[in-house]
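Trainee: I would like to learn how to read the charged contacts in a model such as this one. Could we go through them step by step?

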Amino acid sequence: MQYGRLPSVDAAAVPSDGFLLDVREDDEWEAGHAEGALHVPMSEFVARLGEVTEKAADRKVYVVCRVGGRSAQVTQYLLAQGVDAVNVDGGMLAWEAAGRPLVNDGQGPAHVV
């Protein structure tokens, strides 16, 4: 059940020191992600919720996936747990399009898949 509109923010408006939570799967993360983001795949999210709440403390959590669908579900879940969370509109595709930096641990340039 959703009450009203889910809080969201443009990728370009996420503060550079904001707490970014990336809920994409491992292969997506490995291709390219925002430096400093916390990676907790949606498929593991409920089991690893403590990692998020511990790091979130009294900070806003900016939740991101590829385009915004999975992150919207996680944002809704976090809000229900009392966490100050906001969905990143357009996900990592919008992040990349806005010229926000991407890093990866592998071969070639970082990119969003």
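**Reading the salt bridges**

Mentor: This is a predicted model, and the structure holds five salt bridges.

Trainee: What is a salt bridge, and which side chains of R70 and E28 meet in one?

Mentor: The general idea is that a side-chain nitrogen of Lys or Arg lies within 4 Å of a carboxyl oxygen of Asp or Glu. Here the side chains of R70 and E28 form such a contact, with a distance of 2.9 Å from N to O. The two residues belong to distant parts of the chain, 42 residues apart, since R70 sits in helix α3 (residues 69-80) and E28 in helix α1 (residues 26-31).

Trainee: Is E28 buried or exposed?

Mentor: E28 counts as buried because its relative accessibility is 9%, and buried means under 20%.

Trainee: Which residues are linked in a network of salt bridges?

Mentor: The network links E44, R48 and E51. R48 meets the side chain of E44 at 2.7 Å, N to O, and R48 also forms a salt bridge with E51, where the closest N and O atoms are 2.7 Å apart.

Trainee: How should I describe the accessibility of R48, E44 and E51?

Mentor: R48 is partly exposed, with a relative accessible area of 23%, E44 is partly exposed at 31%, and E51 counts as partly exposed at 34%.

How values were computed. Residues numbered from 1 in each chain as written. Predicted model: local features only at pLDDT ≥ 70, side-chain atom pairs only at ≥ 80, totals over all residues. Heavy atoms only, no water. Helix = DSSP H or I, 4+ residues; strand = E, 2+ residues; numbered from the N terminus. Buried < 20%, exposed > 50% of the residue type's maximum accessible area, 1.4 Å probe, protein only.
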